Amino acid sequence: MTWRQTALAIPELWSTIKFDENLKNKQVVERIQRQLERAQLAPLHIHIFGSAVNKPAIKNMLKICQLIIPLVQRWGSLTIDRKVPHMALRLLFDRLTNTSAPRLEKLTIEKSLLRWYIDMDVGWKFKAFGGGLPSLRYLLLSRCRFDWNSHIFDDLIELEIQDTRLLAMNQDRVTPLIRDILIRSPRLRRLAINVDFWHDLGPKLLRSPPPPVQNTITHSAIRCIDVHPCKGAVIDALLHLVKMPSLEELTREPSYYILPFSFHTLSHVNPLPNIRCIRIHGYADHPTLSPQESAALPLALHAMRRLEVLDLRALDLSGSDSWLQTLLIWLPSLTYLKIVDCVGLFASTIREMIDHGRNPKRLTLALYSEVKTEGESIHSRDSPLQEFTRILRSANQKSPILDLPHDLTYLIFFSCHRDNPQNFSTTIPRGCKQWRKAALAISELWSTINFDKNLKNKQVAEKIQLQLERAQLAPLHIHIFESAIHKPAIKNILKICQLMFPLVQQWGSLSIHGNVPHKALRLLFDRLTNTSVLRLENLAIENNMVMWHQDMAVKWRFKAFGSGMPSLRYFQLSVYRPDRNSHTFDNLIELEIQDPQLLTMKEDKLTTIVRDILIHSPRLRRLVITGPFTPKSWPAINRSRPPPTRDTIAHSAIKCINIVPHREGAVTDALLHLVEMPELEELTSDPSYYILPSSFHTLAHVNSAQYSLHPNSRL
């Protein structure tokens with residue numbers, strides 16, 4: 001077969017249709033017709049340029065409609081160039097009013113950057129594709145009016161809107177519109193609104209705090225929100241209204257600054273661990289912060305672990321020495337730090353900050369503030385580069401053993417801590433004076449708290465207290481072993497409560513290992529009933545399988561953390577009976593439950609429970625629900641077909657569902673018919689479960705996975 005024959009046999013090579021030449025030329029039309037024939041059934045990617053519909057615009061657009069509208073069911077993407085005239089644009093989309101495009105994934109109507117003031121007068125309303133766009137994921141809409149309640153805004157991944165009506169709306173009208181879009185598109189990653197209109201580049205500081213919010217929502221996928229800077233109050237409202245743990249970019253405009261009234265929200269309600277750039281400004285009339293704002297600012301910055309650019313302006317940093325010195329330890333990725341018109345800075349604080357940095361040579365420091373040193377004041381606006389160079393030189397004048405790159409030094413520390421965390425305190429700090437100083441400055445190295453020795457020994461309790469002090473504000477990873485609370489269990493668990501409860505807001509993970517007595521665990525968690533833990537990501541209560549027959553008699557219900565665990569992602573619960581309507585099961589990534597009640601629960605009830613968990617945790621990847629027993633070794637094939645399902649749900653993140661064993665696999669059958677799981681890789685590890693022929697139609701037409709199932713899947 002020749003190269004030409006091979007190329008003609010691949011439809012995807014001909015599926016990109018570009019209208020970039022004037023259609024008055026018949027050869028151009030014939031070439032496009034021939035290309036459409038060769039594309040066969042492949043999705044069409046159509047690009048319409050202004051040069052194709054220019055003079056006469058209407059006739060040329062009619063020719064384009066004749067060529068592509070009969071193939072609308074095959075459209076994969078449609079892009080309209082910014083130079084296509086409005087009348088031609090309106091002619092095309094008005095003919096698509098009642099049309100459906102089931103395969104269209106991307107729709108782009110490019111905005112005219114140089115003629116935006118003309119676009120503001122466009123009164124035409126976009127009503128195309130009234131029949132539905134079920135596959136639409138990327139939408140750029142401009143140069144038209146549209147209905148905000150339209151189905152085109154459902155289940156998007158990227159959305160960019162240019163609508164001049166928003167410029168005249170107040171905050172109370174714009175914020176609910178954006179909130180509704182985020183609710184309707186749970187997988188939305190980027191949202192941009194009116195980002196290219198002309199605007200004043202000065203900072204907008206005369207903003208009042210948004211009204212109190214009672215019902216916040218969580219959007220786990222959004223990574224970029226870019227709103228026109230004149231709507232700074234809208235961004236403030238979104239920070240207080242929507243929890244965005246994956247947010248990386250909060251408006252590209254340099255005129256937007258976060259004001260102090262948002263510090264508490266960013267530290268306790270809506271931390272931004274993945275944000276890359278933050279600009280913070282004091283109040284326009286005074287730089288002084290309230291005590292609550294001063295306490296919340298370092299907590300908000302501490303949560304931004306991946307921050308690269310930090311801009312601080314017009315702030316009173318008096319009393320910030322304790323947290324500013326370790327700023328580069330909190331923010332290891334910081335490459336640019338700008339401090340402008342701030343008061344209360346000391347040169348010694350800046351030196352300590354650079355000295356504690358893992359790689360100070362990577363950091364660009366722009367100081368445009370008054371810096372105090374040894375009773376004198378030096379205004380560094382005149383020579384910030386010279387001052388920074390002097391600080392770097394003093395930081396690098398150390399012993400030859402510390403000539404290792406900072407990144408390598410810290411890797412050595414973390415490697416030693418990971419391999420032997422129990423003996424870490426007697427290893428690294430004894431290397432040399434500088435290593436001890438560096439180790440004591442890294443709070444994360446002291447944040448793993450292991451209760452593995454009996455607390456009757458006072459030295460054990462003193463050692464843990466010292467470790468908690470050195471951990472400072474780092475998230476605490478707590479491990480409680482049976483050996484720590486054995487004889488007497490109640491007294492030892494009370495000592496643990498006295499040590500850890502005052503620091504509950506720092507908990508990053510909590511793991512209970514081995515056969516910790518039920519009475520001790522009940523005492524621990526009953527004291528946490530009305531507590532909220534904002535930073536807890538991992539909660540694991542392990543259980544010894546040998547004691548399962550005793551665990552079935554436990555009737556105590558798990559009610560801890562009733563005020564909320566917004567950051568919880570990994571949850572393992574054994575023996576104890578949870579409230580399945582609890583917020584604990586919201587927005588998880590991994591969930592493992594060992595519940596003896598499964599032995600007697602009916603399959604329809606368990607199926608409903610699993611369905612509700614999947615709805616409340618759209619990012620859940622692994623779900624394991626099992627009883628404390630060994631699965632059967634023979635095939636479980638005496639099962640009836642699940643009842644017909646009308647309302648299926650889609651879960652695009654789940655990769656493993658392991659429910660063994662229950663009613664000989666009836667629950668797993670019901671989930672295959674009820675939940676669309678395109679990313680599923682493993683379907684139960686129970687060797688006695690086999691897929692029966694009653695599920696073949698569902699797997700072929702309703703719930704066909706994009707990736708192959710686990711190699712151990714059995715038919």
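In the predicted model, helix H3 passes helix H4 in a right-handed crossing, a crossing being left-handed if the near helix is turned anticlockwise from the far one by less than a right angle, and right-handed if clockwise. Helices (H or I, at least four residues) and strands (E, at least two) are DSSP runs, numbered from the N terminus. The axes of H3 and H4 come within 9 Å and cross at roughly 30°, where axes are lines fitted to C-alpha atoms, for helices over the stretch in contact, and angles run from 0 to 180 degrees between N-to-C directions. The two helices H3 and H4 are therefore roughly parallel to each other, given that angles under 35 degrees count as roughly parallel, over 145 as roughly antiparallel, 65 to 115 as roughly perpendicular and the rest as oblique. On the H3 side, Ala57, Ile58, Met61, Leu62 and Cys65 meet Met87, Ala88, Leu91 and Leu92 of H4, contact meaning heavy atoms within 4.5 Å. The residues of this contact between H3 and H4 comprise nine nonpolar, no polar and no charged, where Ala, Val, Leu, Ile, Met, Phe, Trp, Tyr, Cys and Pro count as nonpolar, Asp, Glu, Lys and Arg as charged, and the others, Gly among them, as polar.

As to the basis of these values, the model is a predicted one, in which local features need pLDDT of at least 70 and side-chain atom pairs count only at pLDDT 80 or more, whereas totals for chains, interfaces and linings use all residues. Residues are numbered from 1 along each chain as its sequence is written, and side-chain values use heavy atoms, with hydrogens and water left out.

When residues up to four places away in sequence are not counted, Thr79 touches Ile46, His47, Ile48, Thr108 and Glu110.

Further along the order, three bridges join strand E4 (residues 106-109) to E6, the two running parallel, and Lys106 has Tyr138 in E6 as its bridge partner. Strand E6 (residues 138-141) is in turn joined by four bridges to strand E8 (residues 158-161), again in parallel, with Ile161 of E8 as the bridge partner of Leu141. Four bridges likewise join E8 to the parallel strand E9 (residues 190-193), where Glu160 stands opposite Ala192 of E9.

A further open sheet is formed by four strands in the order E14-E15-E16-E18, with parallel pairing. Its edge strands are strand E14 (277-281) and strand E18 (364-368), each of which pairs on one side only, and the twist averages 5° from one strand to the next. Five bridges join strand E16 (residues 336-340) to E18, which run parallel, and the bridge partner of Ile339 in E18 is Leu367.

Strand E21 (residues 448-451) is covered on both faces, with Thr448 and Asn450 on one side and Ile449 and Phe451 on the other all buried. Four bridges join E21 to strand E22 (residues 476-480), which run parallel, and Phe451 has Ile480 of E22 as its bridge partner.

The axes of helix H21 (residues 603-616) and H22 come within 9 Å and cross at roughly 50°, which makes H21 oblique to H22; the crossing of H21 and H22 is right-handed. Glu603, Leu606, Thr607, Val610 and Arg611 of H21 make the contact with Ala666, Val667, Ala670, Leu671 and Leu674 of H22, and the residues of this contact divide into seven nonpolar, one polar and two charged. Asp669 is also found in helix H22 (residues 666-674) and is buried, with a relative accessible area of 3%. Residues up to four places away in sequence being left out of the count, Asp669 touches Arg639, Pro642, Tyr689 and Ser695.

How values were computed: Two strands pair if DSSP finds at least two bridges between them. Buried means under 20% relative accessible area, exposed over 50%, partly exposed in between (1.4 Å probe, protein chains only).
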